[in-house]
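Please look over the sequence and the structure shown below, and then read the report that follows.

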Amino acid sequence: MPMVSKVFTPCPLGPLTLKNRFIKAATFEGVMPRGQVSEKLIAFHAEVARGGAAMTTVAYLAISPGGRVHRDTIVLDAARAAALRTLTDTVHAEGAKVCAQIGHAGLVANTLSNRQPTLAPSARFSAPAMGWVRAAEATQLAAVVDNFGTAAAHAVAAGFDAIEIHMGHGYLLSSFFSPNLNKRRDAFGGDVVRRAELARRVAERVRRAAGDGVAVTAKFNMDDGVPGGFWLTDSLVTAKLLQDDGHLDALQLTGGSSLSNPMYYFRGQVPMAEFIASQPAPVGLGLRVMGRRLFREYPFEEGFFVDTARQFRDTLRMPLILLGGINELTTVDTALQDGFEFVAMARALLREPDLVNRFERGDRATGLCVHCMKCMPTVYTGTRCVVREAAGLRA
């Protein structure tokens with residue numbers, strides 16, 4: 001075991017103090033039928049909290065019906081806020097903080113299952129949206145900003161300690177950053193500053209709605225992983241704009257595109273057979289034909305975003321949360337020595353929700369996750385580690 005000086009020490013995140021440096025990253029839980037808050041959703045996050053993470057993140061709460069990924073996405077309205085209060089109370093009772101990830105799916109929204117139109121910076125075809133998506137009008141974007149503020153207020157009412165704004169993976173705010181997707185020539189496009197305008201307005205509105213007692217962070221793309229997409233030459237500038245505006249308490253650094261290159265932020269072998277089996281027959285047929293073009297394989301490496309994220313650590317003063325294939329305690333220790341305030345873990349905590357406690361007790365310094373990626377297709381039936389399930393350890 002390495003000597004670690006800061007991994008299990010408290011650290012501020014805006015107005016909060018987290019008991020250690022581990023955050024459970026948002027992973028779509030897949031147990032919200034028709035957008036309802038289920039007992040399984042509550043149990044999912046309670047187990048992570050009990051396992052030692054300082055904060056767990058409820059994944060992707062949509063700000064409006066049209067912003068859902070699909071029909072089982074929770075829309076963070078007043079009714080869901082009341083139901084989510086049980087979840088936040090349960091997590092708090094286990095000794096952890098809890099964060100609400102809020103966003104609009106944009107080009108990644110499934111308009112067929114949502115039966116709602118979605119939005120894009122510029123008109124284009126979207127496979128996830130199953131059709132042509134029209135460019136958003138200025139009045140629609142003003143409504144998006146207001147909807148983010150309303151959702152943030154609902155998150156506060158539900159008892160969340162933090163709010164994470166989704167600015168990554170080709171979702172709406174992320175798509176506005178991208179020179180490949182945003183061809184506008186108005187206040188919301190044309191150069192790097194104007195492409196950041198919508199996200200900056202959203203951050204300001206969420207901060208105003210959240211008040212001073214709740215942390216506000218953003219999941220932020222460093223690199224879209226697609227030709228002509230958002231990359232360091234623009235993302236470093238955009239991150240500094242967000243920092244200097246002063247509305248965010250931290251950035252969680254990520255990359256990749258759910259629209260065009262999702263494996264860029266997963267890495268590892270693509271479980272194509274399992275993906276096909278999890279889908280309705282027409283979608284499965286499409287995956288047989290086009291799946292390998294969409295799901296490009298990248299070799300898994302421990303801490304695969306570290307080198308890119310260091311560019312942001314060298315540029316920014318604000319707190320940063322490191323994400324990306326973190327499974328070893330030495331990686332966490334090195335990240336803190338490099339100046340990152342927190343690390344976010346996802347797959348490792350699906351395999352072992354109590355991994356943080358095991359690290360702290362000294363049981364081991366490496367998690368059991370083998371990065372097989374077979375958890376990915378389970379999002380349609382309840383996100384889980386299939387290796388853990390086979391061992392009879394599913395919660």
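## Helix packing and aromatic pairs

The crossing of helix 4 and helix 7 is right-handed, a word used when the near helix is turned clockwise from the far one by less than a right angle. This is a predicted model, in which local features need pLDDT of at least 70 and side-chain atom pairs count only at pLDDT 80 or more, while totals for chains, interfaces and linings use all residues. Residues are numbered from 1 along each chain as its sequence is written, and side-chain values use heavy atoms, leaving out hydrogens and water.

The axes of helix 4 (residues 138–157) and helix 7 (residues 197–210) come within 8 Å and cross at roughly 30°, axes being lines fitted to C-alpha atoms over the stretch in contact, with angles from 0 to 180 degrees between N-to-C directions. Helices are DSSP runs of H or I with at least four residues, and strands are runs of E with at least two, numbered from the N terminus. The two helices are therefore roughly parallel to each other, since angles under 35 degrees count as such.

The structure holds 10 aromatic pairs, meaning rings of Phe, Tyr and Trp (its six-membered ring) whose centres lie within 6.5 Å, called edge-to-face if the planes are over 60 degrees apart. Two of them are listed here.

| Pair | Centre to centre | Angle between planes |
|---|---|---|
| Phenylalanine 177 and phenylalanine 220 | 5.7 Å | 65° |
| Phenylalanine 300 and phenylalanine 304 | 6.1 Å | 80° |

Phenylalanine 177 and phenylalanine 220 are both buried, which stands for under 20% relative accessible area. Phenylalanine 177 lies in helix 5 (residues 172–177) and phenylalanine 220 in strand 9, so the pair ties together parts 43 residues apart in sequence.

Key. Angles under 35 degrees count as roughly parallel, over 145 as roughly antiparallel, 65 to 115 as roughly perpendicular and the rest as oblique. Rings of Phe, Tyr and Trp (its six-membered ring) pair if their centres lie within 6.5 Å; planes under 30 degrees apart count as stacked, over 60 as edge-to-face and the rest as tilted. Buried means under 20% relative accessible area, exposed over 50%, partly exposed in between (1.4 Å probe, protein chains only).
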